Amino acid sequence: MCMYFPTFANKKSLRKSGVNEPVQMAAIMMLFILGVVMFPTRKIVGWFYSGDDEFVFLLADGIQRLIFSAVMFKFIADFGFNVIPEKMRVAGFFAVLPAVIIAINNFPFVSFLSGNCSVTETPGNIAIFAVWCLGVGLFEEVSFRGVVLPLIYVKLRESNLTVFGKKKPVFLTVAISSAIFALTHLVNLLNGFNPAVFLQVGYTFLIGSMCGIVFVKTGNILFPSAMHFIYNFGGMLVEKCGVGNIWTTEQIICTAVVGVIVGAYLVYVVLFTADKDCDVLEYAIYAEDIESWKTKQNAE
């Protein structure tokens with residue numbers, strides 16, 4: 001396990017709070033995130049728009065998420081987290097490249113090519129839907145992987161929790177942050193009880209885990225953000241912009257096979273390799289710049 005302990009002289013108060021009280025700061029950030037998620041965008045738009053075009057509301061919600069993504073980037077900067085490194089970590093990128101298959105495969109290719117479903121909306125509405133997917137994906141990634149995940153790691157890196165008898169703070173960080181991300185979707189129950197919400201909690205835990213693995217291996221929040229966007233766009237394109245039956249037997253089998261194979265590989269990556277190579281996450285959280293970080297690491 002990496003043992004780099006930084007000093008925090010002359011850091012902003014939020015930076016110090018994130019290091020000294022990571023659990024409390026994570027809780028505060030979660031309240032802010034929930035506030036954004038529950039923001040009554042549809043109601044506010046309804047004050048000025050009397051129609052029922054769903055794409056008007058999607059555009060407003062997408063723009064709102066993009067604006068609050070910028071706010072979350074400000075929080076990231078104040079915490080001192082470095083989630084967009086100057087240089088791409090090529091090895092980490094290729095290690096998680098199979099995750100792209102999961103994201104792309106969320107589009108129902110089998111059902112689409114067999115004619116069971118189709119996209120019927122205009123290019124303009126599809127573009128609006130893309131903006132909404134971008135806003136949702138970016139906001140959720142910069143919030144949960146850019147802020148909540150690092151704060152949890154700050155807490156777990158010095159804890160005595162073990163997995164299979166060994167300390168694995170990176171693995172536990174991904175698991176716990178993904179569980180928090182998944183449970184956040186329970187707020188959808190406020191719109192009325194729907195058993196599908198619990199199914200949503202399950203698959204959002206999986207997508208959250210995938211994005212968490214991508215982040216801890218690359219150290220770049222833009223990669224999981226892009227994969228989240230692709231996953232949402234492909235998975236909901238027919239639902240929002242088309243017609244037909246997505247989940248045919250063939251599509252379910254294809255999705256399950258790809259999911260199991262790639263999922264098993266990603267679990268291996270984070271369980272058996274991430275904690276041996278935790279310098280990426282350490283740098284993302286603690287480095288002021290790459291050269292000074294390398295100097296401090298070598299001094300250890």
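Colleague: Why are helices H10 and H13 called roughly perpendicular to each other?

Modeller: Helix H10 (residues 196-218) and helix H13 (residues 279-286) pack at an angle of about 85°, with their axes 6 Å apart. Angles of 65 to 115 degrees count as roughly perpendicular, under 35 as roughly parallel, over 145 as roughly antiparallel and the rest as oblique; H10 and H13 therefore receive the label roughly perpendicular. The axes are lines fitted to C-alpha atoms, for helices over the stretch in contact, with angles from 0 to 180 degrees between N-to-C directions. Helices are DSSP runs of H or I with at least four residues, and strands are runs of E with at least two, numbered from the N terminus.

The model is predicted: local features need pLDDT of at least 70 and side-chain atom pairs pLDDT 80 or more, while totals for chains, interfaces and linings use all residues. Residues are numbered from 1 along each chain as its sequence is written, and side-chain values use heavy atoms, leaving out hydrogens and water.

Colleague: Which residues make the contact between H10 and H13?

Modeller: H10 contributes Phe215, Val216, Lys217 and Thr218, and H13 contributes Val280, Leu281 and Ala284. Contact means heavy atoms within 4.5 Å.

Colleague: How do you know that the side chain of Ser177 has a polar atom by the backbone oxygen of Val174?

Modeller: The two atoms lie 3.2 Å apart. A polar contact is a pair of N or O atoms within 3.5 Å; within protein, one must be able to donate a hydrogen and the other to accept it, and residues adjacent in sequence count only if both atoms are side-chain atoms.

Colleague: Why is the aromatic pair of Phe32 and Phe68 called edge-to-face?

Modeller: The rings are 6.1 Å centre to centre, with 70° between the planes. Rings of Phe, Tyr and Trp (its six-membered ring) pair if their centres lie within 6.5 Å; planes under 30 degrees apart count as stacked, over 60 as edge-to-face and the rest as tilted. Phe32 lies in helix H2 and Phe68 in helix H4, so the pair ties together parts 36 residues apart in sequence.
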